[in-house]
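Reader: Hi, could you walk me through this one? I'd like to look at it together.
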Amino acid sequence: MKKFARKSSTDGKGINRGYIFNDGDYYCHTTEEAKAYIENLGLKWQEEINKFNTKYEWFYYTEWEEIDPEEFYDMEGNVYTTCQNCYQPLNIEAKFCTNCIQT
Ligand SMILES: [Zn+2]
């Protein structure tokens, strides 16, 4: 299973690179999606990207190289954690996977 560090707020899919807005209020994958998000807020893309690398920067493009084993996503954006016994991905609600659960 391919693991993704974040989930796109635009289409709900797992992503390992993309834009992050306001420290995680919103995530998206492509520049087109980022532009659409900015314009939906009533802002001008050209003005907002001029804030990159200034103290007014409030969103940027990044790659997430590390996957948090306690919370990550699959390609479809389903959220997972890691089985504490066998280290396989499992539903975020559970502590142990069905193979490891004690009956
Ligand atoms: Zn397990």
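Author: Happy to! One term to start with: buried means under 20% relative accessible area, exposed over 50%, and partly exposed in between, with a 1.4 Å probe and protein chains only. This is a predicted model, where local features need pLDDT of at least 70, side-chain atom pairs count only at pLDDT 80 or more, and totals for chains, interfaces and linings use all residues. Residues are numbered from 1 along each chain as its sequence is written, and side-chain values use heavy atoms, with hydrogens and water left out.

Reader: Thanks! Are Cys-97 and Cys-100 buried or exposed?
Author: Both Cys-97 and Cys-100 are buried.

Reader: And what coordinates the zinc ion?
Author: Four SG atoms do, from Cys-83, Cys-86, Cys-97 and Cys-100, at 2.2 to 2.3 Å. Donors here are N, O and S atoms within 2.8 Å of the metal (3.2 Å for Na, K and Ca); water is not among the atoms, so sites may look incomplete.

Reader: How are the donor residues spaced in sequence?
Author: The spacing is C-x2-C-x10-C-x2-C.

Reader: Why is the arrangement tetrahedral?
Author: Because the angles subtended by the four donor atoms around the zinc ion are 104 to 116 degrees. Four donors count as tetrahedral if all angles lie between 85 and 135 degrees.

Reader: Switching topic, how much of the chain is buried?
Author: Of its 103 residues, 33% are buried.

Reader: What about the extent of the C-alpha trace?
Author: Along the principal axes of the chain, the trace spans about 60 × 25 × 20 Å.

Notes
Four donors count as tetrahedral if all angles lie between 85 and 135 degrees; four count as square planar and six as octahedral if opposite donors are over 155 degrees apart and all others between 65 and 115; anything else is irregular.
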